[in-house]
Amino acid sequence: MSPGTVPAPRVLSRSQARRIALAAQGFCDPRPAPGAATMRHVGRVIDRVGVIQIDSVNVLTRSQYLPLFSRLGRYDTGLLDRARDRAPRRLVEYWAHEASLIPPSTWPLLGFRMRRALHDSWGGMRRVAHDHPELVVAVATEVRARGPLTSRQVESALEHDVPRDREEWGWNWSLVKNALEHLFWAGEITSAGRTAQFERRYASLERVMPRDVLPHAVSPQVRPPDDVAFRELMRIAARAVGVGSEQCLRDYFRLKPEQARPALASLVAEGELVPVTVQGWKRTAYLHRDARVPRRVHAQALLSPFDSLIWQRDRTLALWGFHYRLEIYVPQGKRVHGYYVLPFLFGEHLVARCDLKADRATGVLRVQAVHWEPDAPPEARPALADELASMAEWLGLDRVSSPAGRRS
């Protein structure tokens, strides 16, 4: 090769890329015995995925619990709650992908987003910060003095501590929630966990952040510069996906192209990411230098609609030929596959879609529909039945009620 010649990019088959993705996301790690998972196993999943998305939909179970079930099988969900709620915390909440649980060390890397609270957050949060700064100060003072507190508890505390006529204040009590969310987005307060009703328990940074992270949390001046933060977020994403396009990598933390591209170029220049070609992909892909390329993968898992393996839908289509869309907000009569549909991973392929509901009143896991992919192997059917039975037991349900599956 002559001086200055750029070597041809490595070519990966789609099967190799799938296996890399599954290994990076922890699907090649051995599952513990049912019910035997420890905090060490939970920590391993956290280290693999880097981000666990939160969602309020509870038709099956809260979404943050499902990625660990997919990788560990039946486990005690109290382990995840403990990682989030008790010191020393392994997880804290912030807007990472969407509302997410992340390691505390990742939280300071999102300072660029916190600084944009007055510009990028939703209208109600922006308005309360601009129109009612005295309310924001009062709310922050209550949380720091009394937290952890839910929104309703903050309202009650303010009514007790600052007993003024509501008209005199010039704002109504419903604005308290917007003030709390503004402070949370701005990184001035955080969450000490959630109640059983999924309410945030707002608290000061000092009450929640581990000692080694706290200086970077409470003092924006010592947080990493933006270019360093973007590079580290892209590095976390690259390790978690194994191989992906620029779009795949920047979507992990919802970075903008102008934020992600210099970071991507830096990681390529340093040799941490290797440009590759994946057969059938139109875009250049980037392989993490430490990514495993297993010869074979035999995973078996039901996947949350919010699982980081599949949340970038274009990548899901490119890797698996699996066109997946969440239909929660689609009118019932127009849904194709169902309300809360979990893809079924078997081997290295996505082979079915299962519309599931936990009927807690009757103790039944209702399988409202199963749509099989045309090339799903026959052995996937008993495997799915086993996984559904395991899920029912994990959810404390007595049985599985399943309709006859059909091929799409």
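1. Start with Thr106. In this predicted model, Thr106 sits in the loop between strand 4 (99–102) and helix 5 (111–114). Thr106 has a relative accessible area of 5%. Buried means under 20%, so Thr106 counts as buried. Leaving aside neighbours within four places in sequence, Thr106 is in contact with Leu233, Ile236 and Phe253.

2. Next, helix 14 and helix 16. Helix 14 covers residues 226–241, and helix 16 covers residues 257–269. Their axes come within 8 Å and cross at roughly 70°. Angles of 65 to 115 degrees count as roughly perpendicular, so helix 14 and helix 16 are roughly perpendicular to each other.

3. Look at the residues in that contact. Helix 14 brings Phe230, Arg231, Met234 and Arg235. Helix 16 answers with Gln259, Ala260, Ala263, Leu264, Ser266 and Leu267. By class, the contact of helix 14 with helix 16 has six nonpolar, two polar and two charged residues.

4. Four strands form an open sheet, in the order 1-8-9-7. The pairing is mixed. Strand 1 (10–12) and strand 7 (243–245) stand at the edges. Each has a single partner strand, so one side of each is left without a neighbour in the sheet. From one strand to the next, the twist averages 45°.

5. Two pairings deserve a look. Strand 1 and strand 8 pair in the parallel sense, over three bridges. Here Leu12 stands opposite Val278 in strand 8. Strand 8 (residues 273–278) and strand 9 (residues 285–288) pair in the antiparallel sense, over four bridges. Val274 stands opposite Leu287 in strand 9.

6. How many residues lie between strand 8 and strand 9 in their hairpin? There are six. Gly280 is in the turn and has a positive phi of about 95°.

7. Helix 1 (residues 14–24) lies across strand 1, strand 7, strand 8 and strand 9. Helix 1 runs at about 85° to strand 1. Helix 16 lies across strand 8 and strand 9, running at about 100° to strand 8.

8. Helix 11 (residues 175–185) is mostly covered. Nine of its 11 residues are buried. The buried set includes Leu175, Val176, Ala179, Leu180 and Glu181. His182, Leu183, Phe184 and Trp185 are also buried. Gly187 follows helix 11, and its phi is positive, near 75°.

9. Which residues touch the most other members of the largest nonpolar core? They are Leu60, Val139, Leu356 and Met391, out of 109 residues in that core. Helix 14 gives the most to this core, with nine residues.

10. Finally, Leu356. Not counting residues up to four places away in sequence, Leu356 touches Val59, Leu60, Leu302, Tyr340 and Leu342, among others. The list also includes Leu365, Arg366, Val367, Leu388 and Met391. Leu60 and Met391, both touched by Leu356, are themselves among the residues with the most contacts to other members of the core.

Definitions and conventions
Residues numbered from 1 in each chain as written. Predicted model: local features only at pLDDT ≥ 70, side-chain atom pairs only at ≥ 80, totals over all residues. Heavy atoms only, no water. Pairing = 2+ DSSP bridges. Helix = DSSP H or I, 4+ residues; strand = E, 2+ residues; numbered from the N terminus. Axes fitted to C-alpha atoms, helices over the stretch in contact; angles between N-to-C directions. Contact = heavy atoms within 4.5 Å. Parallel < 35°, antiparallel > 145°, perpendicular 65-115°, else oblique. Nonpolar A, V, L, I, M, F, W, Y, C, P; charged D, E, K, R; others polar. Buried < 20%, exposed > 50% of the residue type's maximum accessible area, 1.4 Å probe, protein only. Core = buried A, V, L, I, M, F, W, Y, C linked by side-chain atoms within 4.5 Å.
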